[in-house]
Amino acid sequence: MQTTTLDRTDLALLRALRSEGRLSNVELAERVNLSPSACLRRVQRLEADGVITGYRAEVDPAKLGLNLRAFVRVQLKSHGAADIARFAESINGWDEVERCHALTGDMDYLIEVRVQDLEHFSRFLLDRLLAGGQVADVNSSFVLRAVK
């Protein structure tokens, strides 16, 4: 994977877009002290180079009734390619899973889960995660509050 060289202005553009992705080009240009045309060219270059990979809406999970966030560390029973692919396919089909990362160390995956409540989490754990027979160990932690 090739990296893109970013200067101070590119970094300022990225910072502004990460905090407010719906800024107009004129507003963005003002924030980073560029003309609108120069700003647009830079943003288009960052998109073309794959630095900016997309734009999306951030949704408040609590407004959807998803009031409980948990981080679940998972160790698989088997690490064969087919088993890993089957686990990844399952994870990608579960709405409760926001993110899943493969890890080094004693656990294989870190899964970020959003659910309504403890009962919903219990159903997720028992009926989805553990039901497939692929999981050797699970360790869950519930988020008390977000710090950053």
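Colleague: What kind of model is it, and what pLDDT do local features need?

Modeller: This is a predicted model: local features need pLDDT of at least 70, side-chain atom pairs count only at pLDDT 80 or more, and totals for chains, interfaces and linings use all residues. Residues are numbered from 1 along each chain as its sequence is written, and side-chain values use heavy atoms, with hydrogens and water left out.

Colleague: How many helices and strands are in the protein chain?

Modeller: The protein chain has five helices and four strands. Helices (H or I, at least four residues) and strands (E, at least two) are DSSP runs, numbered from the N terminus. Along the sequence the pattern is α-α-α-β-α-β-β-α-β.

Colleague: Is the protein chain more spread out or compact, next to the globule rule?

Modeller: The protein chain is more spread out than a compact globule, because its radius of gyration is 20 Å, well over the 15 Å that the globule rule gives for 148 residues. That radius is taken over C-alpha atoms, and the rule is 2.2 Å times the number of residues to the power 0.38. The C-alpha atoms fill a box of roughly 60 × 35 × 25 Å along the principal axes.

Colleague: How much of the protein chain counts as buried?

Modeller: Of the 148 residues, 27% count as buried. Buried means under 20% relative accessible area, exposed over 50%, partly exposed in between (1.4 Å probe, protein chains only).

Colleague: And which percentage of the contacts joins residues at least 24 apart?

Modeller: Among contacts between residues at least 6 apart in sequence, 66% join residues at least 24 apart. Contact means heavy atoms within 4.5 Å.

Colleague: Switching to charges. How many positive and negative side chains are there?

Modeller: There are 20 positive and 21 negative side chains, and the centres of the two sets lie 6 Å apart. Lys and Arg count as positive and Asp and Glu as negative; His and the chain ends are not counted. The place of a charge is NZ of Lys, CZ of Arg, CG of Asp or CD of Glu.

Colleague: On to packing. Which residues of the largest nonpolar core touch the most other members?

Modeller: That core has 18 residues, and V72, V74, F87, I111, F121 and L129 touch the most other members. A nonpolar core is a set of buried Ala, Val, Leu, Ile, Met, Phe, Trp, Tyr and Cys residues joined through side-chain atoms within 4.5 Å.

Colleague: Which elements supply at least two residues of this core?

Modeller: β1 (68-76), α4, β3 (109-115) and α5 (118-129) each do. The largest share, five residues, comes from β1. There is also a second, separate core of twelve residues, which includes L13, L14, L23 and A29.

Colleague: Back to I111. Where is it, and is it buried or exposed?

Modeller: I111 is in strand β3. With a relative accessible area of 0%, I111 is buried. Beyond four places in sequence, I111 touches residues including V72, V74, F87 and L129.

Colleague: What does V74 touch?

Modeller: Leaving out residues up to four places away in sequence, V74 touches F87, M107, D108, Y109, I111, L129, V135 and D137.

Colleague: Now the loop between α5 and β4. Is Q134 there buried or exposed?

Modeller: Q134 is buried, with a relative accessible area of 10%. Q134 touches Q75, L76, K77, D83, R86 and F87, again beyond four places in sequence.

Colleague: What about G133?

Modeller: G133 is in the loop between α5 and β4 too. At 39% relative accessibility, G133 counts as partly exposed. The C-alpha atoms of G133 and L14 are separated by 43 Å.

Colleague: Where does E96 lie?

Modeller: E96 lies in the loop between α4 (81-92) and β2 (97-102). E96 counts as buried, at 10% relative accessibility. Its contacts beyond four places in sequence are E112, V113, R114, V115, H120, F124 and R128.

Colleague: Last one. What is phi of N33 near?

Modeller: Phi of N33 is near 60 degrees, a positive value in a residue other than glycine. N33 lies in the loop between α2 (25-31) and α3 (36-48). At 68% relative accessibility, N33 counts as exposed.
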